[in-house]
Amino acid sequence: MTPATASPTASPNAAHAAPALSVRELRKTYDNKVQALKGVSLDVAPGDFFALLGPNGAGKSTLIGIVSSLVNLSEGSVSIFGVDLQRHRDAAMRLIGLVPQELNFNMFEKPVDILVNYAGFYGVPREEALKRAEVELKRAHLWEKATVMSRTLSGGMKRRLMIARAMMTQPRLLILDEPTAGVDIEIRRGMWKTLKEINAAGTTIILTTHYLEEAESLCRNLAIIDRGRIVEQGPMKALLAKLDVEGFLLDIDGTLPAQLPLIEGTTLTATDDHTLDIEMPRAMDLNRVFAALGDAGIRVRSMRTKSNRLEELFVRLTGENAQDGTAQTPPEQVA
Ligand SMILES: Nc1ncnc2c1ncn2[C@@H]1O[C@H](COP(=O)(O)OP(=O)(O)OP(=O)(O)O)[C@@H](O)[C@H]1O
Ligand SMILES: [Mg+2]
């Protein structure tokens, strides 16, 4: 990372209520012609805890690399708290703290030195850096390890040290690229706690993750990125509500009546004269639905799971076996 140089100069368009991060129509084509980002737009509100979810190769690290100035963008724009990254790079960079995926500190230095030297690199005077290092090491539960050789820290401690280091410049936006990849659940939970504290103290956080559980436990908003495009974006709660709904396509014997029956808790739509689209809570009993349809004179010949883009995406993300969405036979009673 490049150290910031001149004193902060607010961009002319830096508004008080500007998004912490605003990305518009971002495209990235690498030298080998791989189009890693194909027009990504997103806003992250100040104070938000935001997750960027996506499978391997989706473009998450590319996006983070561009935002933190490690990767050049091909097209589009990025601003951080209203400061345009391309026009005011140093000022924008001073607002960001980055925790890269790989451990990249000197294992033969002591945590306190790693923190103080890092801050010095960004122009923080030594005395002030020492004060900040104490605050950050305490927050990361590493104070008693301040002067041991970093090599001797546990895996989880090393990860927390990476976060403490990024916090030394007092960033308004903390960006973490898969901070918990490959760490066990106990360490992960400890890190979640640290991150929640940092966010509660006012720092906006964006993280990338493969773990839906992590996003669920930490984040208020999220975007799902797949093959260089945002495929879903919004509040975590709204997304989880969607995931509790299951959709089927029912092939009907004969033609559907003009007036479809009302079945409580479900949404029925005729896609054509003999195909019924039904959405229902995952926990709902299908037999009850078939019985109600039967009462209305609708006989189901066969059914298919409606392919759910989000679900498929999550299935891939969480590594479970994909449902293939092929024809299923309806329950005995109605077949
Ligand atoms: N330096 C590079 N040069 C060429 N292609 C690259 C480079 N970095 C990434 N890519 C390609 O860009 C695409 C997006 O990669 P990126 O690392 O952004 O994905 P990701 O979402 O971070 O994946 P992961 O979850 O595996 O970390 C992939 O096809 C990748 O091979
Ligand atoms: Mg990555």
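Tutor: The account below begins with the chain as a whole and then turns to the packed helices.

This is a predicted model, in which local features need pLDDT of at least 70, side-chain atom pairs count only at pLDDT 80 or more, and totals for chains, interfaces and linings use all residues. Residues are numbered from 1 along each chain as its sequence is written, while chains are lettered from A and ligands numbered from 1 in the order in which they are written.

The chain has ten helices and 15 strands; these are DSSP runs numbered from the N terminus, with helices being H or I of at least four residues and strands E of at least two. Of the 335 residues in the chain, 36% are buried. A residue is buried if 20 or more other C-beta atoms lie within 10 Å of its own, exposed if 12 or fewer, and partly exposed in between, with C-beta atoms placed from the backbone. Among contacts between residues at least 6 apart in sequence, 69% join residues at least 24 apart; two residues are in contact if their C-beta atoms, placed from the backbone, lie within 7 Å.

Now to the helices. Two packed helices are described by the angle between their axes and the distance between the axes. The axes are lines fitted to C-alpha atoms, for helices over the stretch in contact, and angles run from 0 to 180 degrees between N-to-C directions.

Helix α3 comprises residues 111-121. Its residues Pro111, Val112, Ile114, Leu115, Val116, Tyr118 and Ala119 are buried, and what covers the buried residues of α3 includes α4 (126-139) and α5.

The axes of α3 and α4 come within 9 Å and cross at roughly 130°. The two helices are therefore oblique to each other; angles under 35 degrees count as roughly parallel, over 145 as roughly antiparallel, 65 to 115 as roughly perpendicular and the rest as oblique. The crossing of α3 and α4 is right-handed. A crossing is left-handed if the near helix is turned anticlockwise from the far one by less than a right angle, and right-handed if clockwise. From α3, the contact is made by Pro111, Val112, Leu115, Val116, Ala119 and Gly120, and from α4 by Arg126, Ala129, Leu130, Arg132, Ala133, Glu136 and Leu137. By class, the residues of this contact are nine nonpolar, one polar and three charged. Here Ala, Val, Leu, Ile, Met, Phe, Trp, Tyr, Cys and Pro count as nonpolar, Asp, Glu, Lys and Arg as charged, and the others, Gly among them, as polar.

Against α5 (residues 155-167), α3 packs at an angle of about 30°, with the axes 9 Å apart. Helices α3 and α5 are therefore roughly parallel to each other, and α3 passes α5 in a right-handed crossing. Pro111, Ile114, Leu115 and Tyr118 of α3 make this contact with Leu161, Ala164 and Arg165 of α5. The contact of α3 with α5 has six nonpolar, no polar and one charged residues.

Helix α5 also packs with helix α6 (residues 185-200), at an angle of about 15° and with the axes 9 Å apart. The pair α5 and α6 is therefore roughly parallel, and the crossing is right-handed. On the α5 side the contact involves Gly155, Gly156, Arg159, Arg160, Ile163 and Met167, and on the α6 side Ile187, Gly190, Met191, Thr194 and Ile198. The residues of this contact divide into five nonpolar, four polar and two charged.

Two backbone details belong to this region. Just after α3, Gly123 takes a positive phi of about 85°. In the loop between α4 and α5 lies His141, a residue other than glycine whose phi is also positive, near 55°. His141 counts as partly exposed because it has 15 C-beta neighbours inside 10 Å.

Elsewhere in the chain, helix α1 (residues 60-67) gives the most to the shell around ligand 1, with three residues. That shell divides into four nonpolar, seven polar and one charged residues.
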